[in-house]
Amino acid sequence: MSVPGLLMAAGRWRCFPIPLGSFPFQALRSSCCRKKSTAPKNIIPNVAFCDENAKESQNALDKLFSSEQQASILHVLNTASNKELEAFKLLRGRRSTNIVEHREKFGPFQNLESLMNVPLFQYKTTVQVCNSILCPETGGKKKLQENRHLGKLIKPDIGRERLKAVNSIVSIVFGTRRIAWAHLDRKLAVLDWQQSPCWRLLDRTYSSSVYLEEISSIISKLPKADFYVLEKTGLPIQNSSLFPILLHFHIVEAMLYALLNETFAQDGQHQVLSMNRNAVGKHFELMIGDSRTSGKELVKRFLSESVLKADPRVVFPADKVVHYRQMFSSTEPQRIEELYDSLLQAIAFYELAVFDAKP
């Protein structure tokens, strides 16, 4: 038995029969076999390890979403068409196609964890997609204007749905010698309001470890809240004499971000926000040119209204009003501007970002 073969003869290709047992055929066959044998072998994964990781991912997703939310998400994933899936920003392009193809091949999704079997979906992406299905982005020009306004007011960008659902925040303002915070709920009731002395920046330079100890000590006193709002000062960097203060502020801000954003690695959702200091000043008409004046008198007025008015702008706990008044009327040469500013920032956050008040 033979196979046809091509050989060059007299400048032309000619066809000659080649016996199967001949040397050229065996050499060609051996060469093909060798090339095939050099291909990398498939690595068999550790099945127990994979099962353990999958179980942990499913448990993590189950903790993030209630059973009703999971059912709503699975309903969309299992029934929506390609075009309907593309209505969600995070599912545009190849991701929506992958979902439909996976659904057609393997059947409906049984749980949220199975979504990670779809190409282009990892844990973080899956969490973000599930959140977008529960809270889809809607609106046109009005939403764009709102986002622009929010972008100037707070950083990083945060979904309107999360802001609308906020129950309480902790507003934090820090200076070179003290840090203050105000804990307010969505009814503008003051739940906690105090300050703590800390660094003596102008006395000497502290190491990072000392900063970490100070910040960790402060955080241990902070109440739990939906968001932690930090004041963004925006000092001019052209003045070299302000470099030590700027460095101090950046170190404190970075440590607060890192230590308070406890769940960011799991769900990718920011809990710490920065709020523009001048935007707060403009909201309360405290700006003179580019400078912001003290909010002491405004805070004292809020305190009085809390006692005298039936429906005050800010509600202070009755057993704390006298204490706050005495603290403000103290003749000690201790400035407590951070304390005033933390309260005003909290009020402005609710009125501008949550209640849609005009800037």
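Predicted model: local features only at pLDDT ≥ 70, side-chain atom pairs only at ≥ 80, totals over all residues.
Residues are numbered from 1 along each chain as its sequence is written, and side-chain values use heavy atoms, with hydrogens and water left out.

The protein chain has 15 helices and 10 strands; helices (H or I, at least four residues) and strands (E, at least two) are DSSP runs, numbered from the N terminus. Of the 359 residues in the protein chain, 40% are buried, where buried means under 20% relative accessible area with a 1.4 Å probe, protein chains only. Contact means heavy atoms within 4.5 Å. Among contacts between residues at least 6 apart in sequence, 60% join residues at least 24 apart.

Helix H5 covers residues 94-106. Its 13 residues reach 18 Å from the first C-alpha to the last, close to the 18 Å expected at 1.5 Å a residue; the expected span is 1.5 Å times one less than the number of residues. Ser96, Thr97, Asn98, Ile99, Val100, His102 and Arg103 of H5 are buried. The buried residues of H5 pack against helix H3 (67-79) and helix H4 (82-85). Just after H5, Gly107 has a positive phi of about 95°.

Two packed helices are described by the angle between their axes and the distance between the axes. Axes are lines fitted to C-alpha atoms, for helices over the stretch in contact, and angles run from 0 to 180 degrees between N-to-C directions.

Helix H9 (residues 208-219) packs on helix H10 (residues 243-260) at an angle of about 50°, with the axes 10 Å apart. H9 is therefore oblique to H10; angles under 35 degrees count as roughly parallel, over 145 as roughly antiparallel, 65 to 115 as roughly perpendicular and the rest as oblique. Residues of H9 in the contact include Tyr211, Leu212 and Ile215, and those of H10 include Ile251, Val252 and Met255. The contact residues divide into 10 nonpolar, 3 polar and no charged.

The axes of helix H13 (residues 296-308) and helix H14 (residues 321-328) come within 11 Å and cross at roughly 155°. H13 and H14 are therefore roughly antiparallel to each other. In H13, Lys296, Val299, Lys300, Leu303, Ser304 and Val307 meet Val321, Tyr324, Arg325 and Phe328 in H14. These residues comprise 6 nonpolar, 1 polar and 3 charged; Ala, Val, Leu, Ile, Met, Phe, Trp, Tyr, Cys and Pro count as nonpolar, Asp, Glu, Lys and Arg as charged, and the others, Gly among them, as polar.

Notes
Buried < 20%, exposed > 50% of the residue type's maximum accessible area, 1.4 Å probe, protein only.
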